Amino acid sequence: MSQAQELVIALIGVALVIFFSLYSPAFASISNLSTLSSYVAPIMIFGIAEVFVLTLGEIDLSVGEVYVLSPFLVIYLHDAGLGVIGGIIGTLIICALIGCINGLVTVRLGVPSFITTLGTVFAIKGIVLLASNGIQTNPVGTGSVVSIFGGWSYSSIIWALCIAIVGHFVFRHTSFGLHITAVGGNKTASGESGVKVGRVKVWCFMLCSLLGGLIGVLDGYRIGSLNPGTDGLTLMFYGVAAAVIGGTSLTGGRGTMIGAGIGAIVLGILEDGFNIIGVNAFAYQLILGLAILGAMILNVQLERVRSGRGGGSSGSFARLFMRTGGRRRGKEKS
């Protein structure tokens, strides 16, 4: 089912590339490739990060502020004597610990993840503003380490693609990935079958924050300037949009890393293409909202068809997608 939606979104992406390339040759130029990758990479990593928690039926609103915090942590740890590499490693550990706190509060105290991570959003935002006095600064370090962690134009997209591949392997070919899907589909049944539900949730929140911290470091070195007032929530919602458009269910039980990656590419193509052809930036927000709504409608219809409750024209439309995905899988097996 998710493969059918991935195929549809991929075809939409191809159609957008053709449209923008025909409208403006600048879109298909080599010089625009690095610009396009800078749009896609952060959305892709945010999307993959959110897939871990969305598949559980949870959400992490704080990952965007972890993104804002992480490059400032690198500066602090560097100045404390850890150096650039030590600062990056220490930063990623701290980011994972933030996710651990989110997970423990959600699991042990029973606070909904929306509320838990919303509180973390404001707490982290306050820490960043207090520590920086609201003043922009520049990241620390030079040389090959900086190039690997975002300084080179294409390093961020390489990181994003590698993370997507690893995430896909984890989701589809490890017991941990199967447990994530099982917990999101039926928490009670998963617990009764021996799955450590609480542990799975905490690890997913940790991975989400870890990836948020990583993209913060990558973007810090890519942009070359750190703004403590960056709107992390908006960036986080771009990631949620990429995940949902790609086939991940907001209600849990279904997630796809490849779909999140494809969704991020489509959103990046849209944003870059609109900038090149001079479309008002507000139009991107409009299309993004409609895309999320359309993806959720499709998700709901696919769920109804899978459970045998689909009916009417919308049910027939969803069944068409499922048959498309089924034919595609049959060809792959043959």
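Q: What is the mean pLDDT of the protein, and what share of its residues reach 70 or more?
A: The mean pLDDT of the protein is 85, and 88% of the residues reach 70 or more, where pLDDT is the predictor's confidence in each residue on a scale from 0 to 100. This is a predicted model, in which local features need a pLDDT of at least 70 and side-chain atom pairs count only at pLDDT 80 or more, while totals for chains, interfaces and linings use all residues. Residues are numbered from 1 along each chain as its sequence is written, and side-chain values use heavy atoms, with hydrogens and water left out.

Q: Where does pLDDT stay under 50?
A: It stays under 50 over residues 313-318 and again over residues 324-334. For residues 313-318 the model has 7 contacts beyond four places in sequence, a contact being heavy atoms within 4.5 Å. Where pLDDT is low, the predicted coordinates should not be read in detail.

Q: What makes up the protein, in helices and strands?
A: The protein has 13 helices and 0 strands, where helices (H or I, at least four residues) and strands (E, at least two) are DSSP runs numbered from the N terminus. Of the contacts with a separation of 6 or more, 78% are between residues 24 or more positions apart.

Q: Why is the pair of Glu-58 and Lys-201 called a salt bridge?
A: A salt bridge requires a side-chain nitrogen of Lys or Arg within 4 Å of a carboxyl oxygen of Asp or Glu, and the closest N and O atoms of Glu-58 and Lys-201 are 2.8 Å apart, so the pair meets the rule. Glu-58 lies in the loop between helix H2 (30-54) and helix H3 (63-108) and Lys-201 lies in helix H9 (residues 197-223), so the pair ties together parts that are 143 residues apart in sequence. By this rule the count comes to 2 salt bridges.

Q: How do you know whether Glu-58 and Lys-201 are buried or exposed?
A: Buried means under 20% relative accessible area, exposed means over 50%, and partly exposed lies in between (1.4 Å probe, protein chains only). Glu-58 has 13% relative accessibility and therefore counts as buried, and Lys-201, with a relative accessible area of 9%, is buried too.

Q: How do you know that the span of H9 is close to the expected one?
A: The expected span of a helix is 1.5 Å times one less than its number of residues. H9 has 27 residues and reaches 39 Å from its first C-alpha to its last, close to the expected 39 Å. H9 is mostly covered, with 20 of its 27 residues buried, and just after H9, Gly-224 takes a positive phi of about 85°.

Q: Why is the pair of Phe-20 and Phe-19 called edge-to-face?
A: Rings of Phe, Tyr and Trp (its six-membered ring) pair if their centres lie within 6.5 Å, and planes under 30 degrees apart count as stacked, over 60 as edge-to-face and the rest as tilted. By this rule the count comes to 8 aromatic pairs. The rings of Phe-19 and Phe-20 have their centres 5.2 Å apart and their planes at 65°, so the pair is edge-to-face. Phe-19 counts as partly exposed at 44% relative accessibility, while Phe-20 counts as buried at 1%.

Q: What makes the pair of Phe-20 and Phe-274 edge-to-face?
A: Their ring centres are 6.0 Å apart and their planes stand at 80°, so this pair is edge-to-face. The pair links distant parts of the chain, with Phe-20 in helix H1 (residues 2-23) and Phe-274 in helix H11 (residues 257-277), 254 residues apart. Phe-274 is buried, with a relative accessible area of 10%. Phe-19, Phe-20, Tyr-23, Phe-27 and Phe-274 form one aromatic cluster.

Q: Which residues have the most contacts inside the largest nonpolar core?
A: They are Ile-48, Phe-52, Ile-88, Tyr-221 and Leu-267, in a core of 81 residues. The largest share of this core, 14 residues, comes from H3. A nonpolar core is a set of buried Ala, Val, Leu, Ile, Met, Phe, Trp, Tyr and Cys residues joined through side-chain atoms within 4.5 Å.
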